[in-house]
Amino acid sequence: MNLGIVRASLKKYHDAEKAYLKALMLRKRYPDCYYNLGNLYLETKQLDKAYAAYLNATSLRPTHALAWSNLIAMLDNEGNVSKAMMLSKKALKYIPGEPSLHFTMANALGKTGRYQESEDHFLEAIRLMPDNPVYYANLGVLYHRWKKYEKALLYYRLALQLDPEFRSAKENVRMIEKVIMQERNIASPIGAE
């Protein structure tokens, strides 16, 4: 398997695949190898193969958080949000304290307009891993979609406290500040008594 990792890092994907498959011939129940094979297939846009490899990894080790997270994120990114949510629920039964799974579930729920449930999962991810600026920024995005602009601004700023160079959070702060100012101007027109 290590040879496969080295080959993949050098972008020698065919050689990496052969190394992983050989490792799996020698040791059929090897979840980390399936996980790395899934990553290889994901990087080479062989999504059906990536899906199968990640499923093998999680079947062999149901607590394989990285395999679950990559599988769910892949499905979500491909627009298969319902399947991503179904697998998130399954994964959370095995590892309920895994912040990355709460994060992926929150993203999927937010895309379907289930904001309250999404918020709950984002807050749980933050509770479990309070030093991850991406979790705060994505909760800001949720609040932005939900039109809870003050909360969005708060969470974008919290993300920036953790990572002052977080470019998208900076851009979102500027954007949300404009929205808030426009709302205030509409609510209190100049010269109104």
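Helices here are DSSP runs of H or I with at least four residues, numbered from the N terminus.

This is a predicted model, where local features need pLDDT of at least 70 and side-chain atom pairs count only at pLDDT 80 or more, while totals for chains, interfaces and linings use all residues. Residues are numbered from 1 along each chain as its sequence is written, and side-chain values use heavy atoms, with hydrogens and water left out.

Stay with helix 6. Its buried residues are Val81, Ala84, Met85, Leu87, Ser88, Ala91 and Leu92. Buried means under 20% relative accessible area, exposed means over 50%, and partly exposed lies in between, with a 1.4 Å probe and protein chains only. The cover over these buried residues includes helix 4, helix 5, helix 7 and helix 8.

Next comes the core. A nonpolar core is a set of buried Ala, Val, Leu, Ile, Met, Phe, Trp, Tyr and Cys residues joined through side-chain atoms within 4.5 Å. The largest one has 34 residues. Tyr20, Leu37, Trp68, Leu71, Ile72 and Leu101 touch the most other members. At least two residues of this core come from each of helix 2 (13-26), helix 3 (31-43), helix 4 (47-60), helix 5 (65-77), helix 6 (81-94) and helix 7 (99-111). Helix 5 gives the most, with seven residues. A second, separate core has 24 residues, among them Phe103, Ile126, Tyr143 and Val173.

Beyond its neighbours within four places in sequence, leucine 71 is in contact with Tyr51, Tyr54, Leu55 and Leu87. Contact means heavy atoms within 4.5 Å.

Now find the largest pocket. It holds about 280 Å³ of space. On a 1 Å grid over the protein atoms alone, a pocket is an open set of points where a 1.4 Å probe fits, with protein on both sides within 12 Å along at least five of seven lines; lining residues have an atom within 4 Å of a point. The volume is the space filled by probe spheres set on the points. The lining has 19 residues, and Asp76, Phe103, Thr104, Asn107 and Asn138 lie nearest the centre. Seven are nonpolar, nine polar and three charged. Helix 7 supplies the largest share, seven residues.

Two of the residues nearest the pocket centre are Thr104 and Asn107. Asparagine 107 sits in helix 7. Asparagine 107 counts as buried because its relative accessible area is 17%. Leaving aside residues within four places in sequence, asparagine 107 is in contact with Asp76, Phe122 and Asn138. Threonine 104 also has its place in helix 7. At 10% relative accessibility, threonine 104 is buried. Threonine 104 touches Ser69, Ile72 and Ser88, not counting residues up to four places away in sequence.

Finish with two loops. Most residues other than glycine have a negative phi. Lysine 11 has a positive phi of about 65°. Lysine 11 lies in the loop between helix 1 (2-9) and helix 2, and is exposed, with a relative accessible area of 52%. Lysine 147 also has a positive phi, near 65°. Its place is in the loop between helix 9 and helix 10 (149-162). Lysine 147 is exposed, at 59% relative accessibility.

Technical notes
Ala, Val, Leu, Ile, Met, Phe, Trp, Tyr, Cys and Pro count as nonpolar, Asp, Glu, Lys and Arg as charged, and the others, Gly among them, as polar.
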